[in-house]
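I opened a new structure today and kept notes as I went. Here is what I looked at.

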Amino acid sequence: MRSVPKWVLLSSASAPAVLIIGWMVAAALQGPAYDPAAQTISVLAAPGGSGQWVMTGAFITLGVCHLLSAWGLRPAATPGRLALAAGGVSALAVAMVPAPSSGGSLGHGSVAAVGFTVLAAWPVLAVRTGEGVPWALRPLPSLGATAVMAVGAAWFLVETQLHGVAGVAERAVTTLQSLWPFVVALSCLRHSARGAVDRR
């Protein structure tokens, strides 16, 4: 099993931190006109908004974090690493194709949908089987992570159609999607450390 460089902990831990801090700061700059329960994160990056530069920067940083994590998570199966990298590219594209301040955008919606899909699929695509596989890359945890992310994405779509709490649903699923690479990195590093102790 290939080892994971320790810097992957930094890139993978930074992803959820940057995303959450980004939307909190951008929402504070936007003021009471922004409703975090009903409005999406992308609205914070809309042109002309007070928090545009903060949320755009957060999307760019998130994309870079996912790309670095995909590069460093060498024990994960290649299709999963490619899907995580695609999620990073999607985050960069979301920053480059912002949502309008009101109404929808086919371009932005398409990019966001691709991002949701590849980030939901990457855990199950990263699965390894056999002896000595880190916990987070085993079939059951990976299938569970993908299933929870898929349910979260479906919840977000339902809330969007019903004009309900789309902002809450989006924050829940994006937090989980941004956190899972850290869980995998931690699992891989703990597995390597345990293996090193057992070989002594």
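**Ground rules.** I am reading a predicted model, in which local features need pLDDT of at least 70, side-chain atom pairs count only at pLDDT 80 or more, and totals for chains, interfaces and linings use all residues. Residues are numbered from 1 along each chain as its sequence is written, and side-chain values use heavy atoms, with hydrogens and water left out.

**Entry 1: H2 and H3.** I began with helix H2 (residues 52–72) and helix H3 (residues 78–96). Helices here are DSSP runs of H or I with at least four residues, numbered from the N terminus. The H2 and H3 axes are 8 Å apart, at an angle of about 165°. I noted that axes are lines fitted to C-alpha atoms over the stretch in contact, and that angles run from 0 to 180 degrees between N-to-C directions. H2 and H3 are therefore roughly antiparallel, a term for angles over 145 degrees. H2 passes H3 in a left-handed crossing; that is, the near helix is turned anticlockwise from the far one by less than a right angle.

I then listed who meets whom. From H2 the residues include Phe 59, Ile 60, Leu 67 and Trp 71. From H3 they include Leu 84, Val 89, Leu 92 and Met 96. Contact means heavy atoms within 4.5 Å. The residues of this H2 and H3 contact divide into 15 nonpolar, 7 polar and 1 charged. Nonpolar covers Ala, Val, Leu, Ile, Met, Phe, Trp, Tyr, Cys and Pro; charged covers Asp, Glu, Lys and Arg; the others, Gly among them, are polar.

**Entry 2: Ser 69.** I stayed in helix H2 for Ser 69. Is Ser 69 buried or exposed? Ser 69 counts as buried, at 1% relative accessibility. The scale is under 20% relative accessible area for buried, over 50% for exposed, and partly exposed in between (1.4 Å probe, protein chains only). Leaving aside its neighbours within four places in sequence, Ser 69 touches Val 8, Ser 11, Ser 12, Leu 84 and Pro 181.

**Entry 3: H4 and H5.** Next I took helix H4 (residues 106–125) with H5. Their axes lie 6 Å apart, at an angle of about 160°. H4 and H5 are therefore roughly antiparallel as well, and H4 passes H5 in a left-handed crossing. Among the residues in the contact are Phe 116, Leu 119 and Val 124 of H4, with Leu 143, Met 149 and Phe 156 of H5. The tally for H4 with H5 is 11 nonpolar, 2 polar and no charged.

**Entry 4: cysteines.** How many disulfides does the structure hold? I found 0 disulfides, counting a pair of cysteine sulfur atoms within 2.5 Å. Cys 65 is in no disulfide, and its nearest cysteine sulfur, that of Cys 188, is 17 Å away. That is too far for a bond. Cys 65 is buried at 7% relative accessible area. Cys 188 is buried too, at 3%.

**Entry 5: His 163.** I found His 163 in the loop between helix H5 (139–162) and helix H6 (166–199). Its phi is near 55°, a positive value in a residue other than glycine. His 163 is exposed, with 74% relative accessible area.

**Entry 6: Val 25.** Last, I checked Val 25 in helix H1 (residues 7–30). Val 25 counts as partly exposed, at 38% relative accessibility. Val 25 and Gly 51 are 26 residues apart in sequence, yet 7.4 Å apart in space, C-alpha to C-alpha.

Conventions:
Helix = DSSP H or I, 4+ residues; strand = E, 2+ residues; numbered from the N terminus. Parallel < 35°, antiparallel > 145°, perpendicular 65-115°, else oblique.
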